[in-house]
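Student: I would like to learn how to read a fold from its strands and helices. Where do we start?

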Amino acid sequence: MDRIPILKLGPFLLVTIQVDLYDRLALNLENDLITMVSKTGARGVLIDISAVSIVDSFMGRILGNIASMSGIMDAQTVVVGMQPAVAITLVELGLTLQGVHTALDVEKGMELLQDKIGPDYLQEQDEEEELDDRTE
Amino acid sequence: MQIVREQDVVLFRNRVREYSTKIGMSLVNQTKLITAASELVRNMLKYANGGQVVIEIISKSAQNGVRLTFTDQGPGIADIQQAMQDGFSTGKSLGLGLPGAKRLVNEFDIQSKPGEGTRVTVIHWKHGR
C-alpha cells in the first residue's frame, strides 16, 4: 500500500504531497499524521500541496479533518503552496477550508507555525505567574 | 470509460486533463472542470457503485468545449431540487458535490429517476468563465 512520507523537523511534522491523492491514500495520510502527532508530541503540522493540481470536496474535508484532529491534540496545522487555480476552484466549489491555516510557501508556513506556538508558550508562562501572584 | 474502483478516479481525471489540454483550455478552467468531474465521479462510486463516463470534445459557434456524460444504474435521486442544495447530503459528506460541480462548469444537466439511475451531463467551454 502506498504511503505519503511524514518528516519530523524539530517540534513540527512536514508532509509534502507529490502525487494526486486517491481516497485511500488520503485517508491513510490522515491516520498516519494523527498517530505521528501523538507519538512525537509535535506542536505543528505543515502540509505542502504545491504539487497537487486538484483539491475536491473530499480532499478538502481530509485537510479540515487533519486540522481539527491535530488541533484537539494540541498541534497547529498549516497548509502551504496552494496553486492559484486550485484556490479559485475551491472558493467556487464553496469550500473555504475553515479552521485550516494557510501560507504561501513552506518558509512562510514555518514562520507562521513558530509564531503560533510561540505566543502560546508565553501565555502559559504568564498565566502561571499570575497564579503565583495571587497565592502570595 | 468505466469507473468501478476509486483508483479509476485519478486515471479518469488525467484523461479529462488530456482532453481539455488538447483544445487549449486555460489552467483555471481545466482545474474547475476536473474538480467538478472528480465530485461527480465520486458520487457515482459512492451511491451507485460505479458507472460509465463518456468524454467528448464538442464545438458550438466556433468554440470548443469538453462534454462529460456520467451514467449510472444506481438508486437514483428522489428529489433533485433538494440534492442540488448546498449542504444537503444523504451520505456523510459536506453536501457540496452536486451544487459545487454545477458552479464550476458552464452547462449542467441532471436526469434521474428513483430505481433507474442517474445521468449527469456537464460542459465546459474553452473560453467559458
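Tutor: With pairing: two strands pair if DSSP finds at least two bridges between them. Helices (H or I, at least four residues) and strands (E, at least two) are DSSP runs, numbered from the N terminus. Here β2(A) and strand β3 (residues 44-48) of chain A pair in the parallel sense over 5 bridges.

Student: Through which helix does the chain cross from β2(A) to β3(A)?

Tutor: Through helix α1 (residues 23-40) of chain A, in a right-handed β-α-β crossover. Right-handed means that, with the strands pointing away from the viewer, the path from the first strand over the helix to the second runs clockwise.

Student: What kind of model is this, and how are residues numbered?

Tutor: It is a predicted model: local features need pLDDT of at least 70, side-chain atom pairs count only at pLDDT 80 or more, and totals for chains, interfaces and linings use all residues. Residues are numbered from 1 along each chain as its sequence is written, chains are lettered from A and ligands numbered from 1 in the order written, and side-chain values use heavy atoms, without hydrogens and water.

Student: How does strand β1 of chain A run relative to β2(A)?

Tutor: Antiparallel: 4 bridges join β1 (residues 6-9) to β2(A). Lys8(A) has Leu13(A) as its bridge partner in β2(A). The two strands form a hairpin with 2 residues between them, and Gly10(A) in the turn has a positive phi of about 60°.

Student: Why is β2(A) largely enclosed?

Tutor: Buried means under 20% relative accessible area, exposed over 50%, partly exposed in between (1.4 Å probe, protein chains only). In β2 (residues 12-16), 4 of the 5 residues are buried, so the rest of the structure largely encloses it.
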